[in-house]
2 protein chains.
Amino acid sequence: MPNPTAAMLTIGDEILSGRTQDTNMSHLARALAAAGIDLREARTVPDVAAEIVASVNALRTRYDHVFTSGGIGPTHDDITADCVAAAFGVGIDVREDARAILATNYANPEVDLNPARLRMARIPEGATLIDNPVSKAPGFSLGNVHVMAGVPKVFEAMVAGLIPRLTGGRPLLSATLRADFPEGLLAGPLGEVARAHPEVAIGCYPFDRNGVFGANLVLRAQDPAALAAAEAATQAMLDALRAPA
Amino acid sequence: MPNPTAAMLTIGDEILSGRTQDTNMSHLARALAAAGIDLREARTVPDVAAEIVASVNALRTRYDHVFTSGGIGPTHDDITADCVAAAFGVGIDVREDARAILATNYANPEVDLNPARLRMARIPEGATLIDNPVSKAPGFSLGNVHVMAGVPKVFEAMVAGLIPRLTGGRPLLSATLRADFPEGLLAGPLGEVARAHPEVAIGCYPFDRNGVFGANLVLRAQDPAALAAAEAATQAMLDALRAPA
């Protein structure tokens with residue numbers, strides 16, 4: 001059976017303005033690879049309701065899972081929960097279990113849980129909460145859309161709790177070989193290895209360290225035997241390139 | 001006149017697998033903000049031709065500019081140039097000016113410009129070259145699609161050469177105010193400031209530094225007067241929150 005597929009949707013003007021360097025995508029990518037869920041696409045959109053709704057709907061119909069990051073705090077620019085509810089055509093309101101979780105954050109919840117903070121207990125109808133061990137305000141899963149915070153510490157904690165609940169597949173395995181040749185000399189023989197091992201995705205990532213040109217060859221596959229065979233073929237190719245003419 | 005709009009398309013398995021942390025998007029974002037070109041969306045897709053072609057076509061019809069990163073090297077997984085040609089329905093072949101530029105990289109071009117390296121001189125019909133002062137192999141602009149390398153040093157050099165050729169608009173200005181209050185207390189009054197200043201996008205980015213909860217308030221606008229007015233209103237709001245009850 002093929003692995004489940006996934007997309008990530010990052011929401012936030014701060015990413016598209018270049019103010020904030022996103023790190024949530026690569027974190028999620030590694031967690032999904034280990035769980036056997038294939039991350040196929042990532043999108044970043046601004047804090048604009050129509051864009052968020054359209055992206056959620058485009059991605060949730062195409063992939064088995066959609067993971068979102070950002071826009072679930074208490075301020076006016078946090079509109080993700082409303083947009084996900086709108087994308088599914090369901091209502092959204094303060095939910096008692098979410099309010100109770102939030103209340104544990106405050107010394108005096110009657111006063112401290114002001115209207116802004118209560119926004120973080122607004123959960124779309126039919127959603128399941130995602131635990132937030134860092135700052136309490138929960139994320140949620142609605143259908144195949146998993147809505148999480150943008151703050152990396154919170155996002156990562158939510159991912160850690162969520163992923164074990166999802167049905168995964170075969171982990172994406174990888175092997176890296178370092179080649180001390182410029183990419184232009186590797187390309188021909190490496191292409192032959194790639195054609196002979198179609199089950200293995202082979203990437204070539206050049207580097208230039210202190211004037212030494214080389215490349216990291218990264219092999220990725222779900223099948224350990226296929227990966228091992230491609231790795232051996234790549235190593236043999238490198239050995240042949242190194243041999244004196 | 002409204003600013004031109006833009007999208008970024010990042011191409012590469014290494015990003016979606018989490019192996020490589022992308023930094024090109026935030027670099028481009030800052031360059032575009034300074035040039036008055038509005039980055040509205042970013043997508044990341046794998047080294048899969050159908051995905052690249054579909055994304056190029058979706059984005060180029062929707063935005064004034066599309067900037068791509070990755071997949072223009074000499075190896076078998078570098079398929080971006082072919083995919084962009086396919087998206088536009090034009091041919092692609094080795095072009096003499098690109099080959100001449102590439103040749104300057106090698107001591108003995110007759111021998112060193114092997115078939116793999118010559119792939120980097122394959123340019124779609126009708127494209128304009130983008131200069132690569134780092135490693136010579138050029139990028140190109142075809143219509144409103146600007147195709148650049150994935151290696152950050154090369155990508156950044158190409159952006160520096162390309163942006164001045166494009167017609168920009170009003171730069172995106174920003175101001176940041178640091179608030180020493182938790183987000184949940186800021187949210188109400190900040191929302192009122194945001195509603196009173198609809199020309200200014202106001203983002204609230206919480207932090208927790210050694211147990212001190214606060215937030216950076218980032219105001220973004222094209223109009224300096226609108227930005228200054230919103231900044232003054234935000235400052236007044238913060239002063240009021242600080243005043244003893």
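Mentor: Gladly! Let us begin with the rings: the count of aromatic pairs over all chains comes to 0. Keep in mind as we go that this is a predicted model. In chain A, A:Arg209 lies over the face of A:Phe207, at 4.3 Å from the ring centre. In chain B, the charged end of B:Arg60 sits over the ring of B:Phe88, 3.8 Å from its centre.

Which residues of α10(B) are buried? They are B:Ala226, B:Leu227, B:Ala230, B:Thr234, B:Met237 and B:Leu238. These residues cover an arc of only 105° around the axis, so they lie on the same side of α10(B). On the other side of the helix, B:Ala225 and B:Ala240 are exposed. As for what the buried residues of α10(B) pack against, the partners are β9 (173-179), α9 (183-196) and β11 (212-221) of chain B.

Chain A lets us look at one residue of its own helix α10 (residues 224-242), namely A:Met237. Its relative accessible area is 9%, and because buried means under 20%, A:Met237 counts as buried. Beyond its neighbours within four places in sequence, A:Met237 is in contact with A:Leu186, A:Pro189, A:Leu190, A:Val193 and A:Leu217. Take A:Leu186 from that list: A:Met237 and A:Leu186 are 51 residues apart in sequence, yet their C-alpha atoms are 8.9 Å apart in space.

Another helix of chain B can be read in the same way. In α5(B), residues 96-103, the buried residues are B:Ala98, B:Leu102 and B:Ala103. Their arc around the axis is only 140°, so they too are on the same side of α5(B). Among the elements that cover them are α6 (109-112), α7 (115-118), β5 (122-124) and β6 of chain B.

β6(B) covers residues 128-130 and runs antiparallel to β7(B), with 3 bridges joining the two. One of the pairings to look at is B:Thr128, whose bridge partner in β7(B) is B:Ser141. Strand β7(B) itself spans residues 139-142: B:Gly139 and B:Ser141 point one way, B:Phe140 and B:Leu142 the other way, and all are buried. β7(B) is also joined by 3 bridges to β8(B), residues 145-148, and these strands run antiparallel as well. Here B:Leu142 stands opposite B:Val145. The two strands form a hairpin with 2 residues between them, and in the turn B:Gly143 has a positive phi of about 55°.

Is B:Arg43 buried or exposed? Its relative accessibility is 11%, so B:Arg43 counts as buried. Apart from neighbours within four places in sequence, its contacts in chain B are B:Met8, B:Leu9, B:Thr10, B:Ala58 and B:Leu59. B:Arg43 is also in contact with A:Glu41, A:Ala42 and A:Arg43 of chain A.

Conventions. Residues numbered from 1 in each chain as written. Chains lettered and ligands numbered in written order. Predicted model: local features only at pLDDT ≥ 70, side-chain atom pairs only at ≥ 80, totals over all residues. Heavy atoms only, no water. Phe/Tyr/Trp six-rings, centres within 6.5 Å; stacked < 30°, edge-to-face > 60°. Lys NZ or Arg CZ within 6 Å of the ring centre and 35° of its normal. Buried < 20%, exposed > 50% of the residue type's maximum accessible area, 1.4 Å probe, protein only. Helix = DSSP H or I, 4+ residues; strand = E, 2+ residues; numbered from the N terminus. Arc of directions from axis to C-beta. Contact = heavy atoms within 4.5 Å. Pairing = 2+ DSSP bridges.
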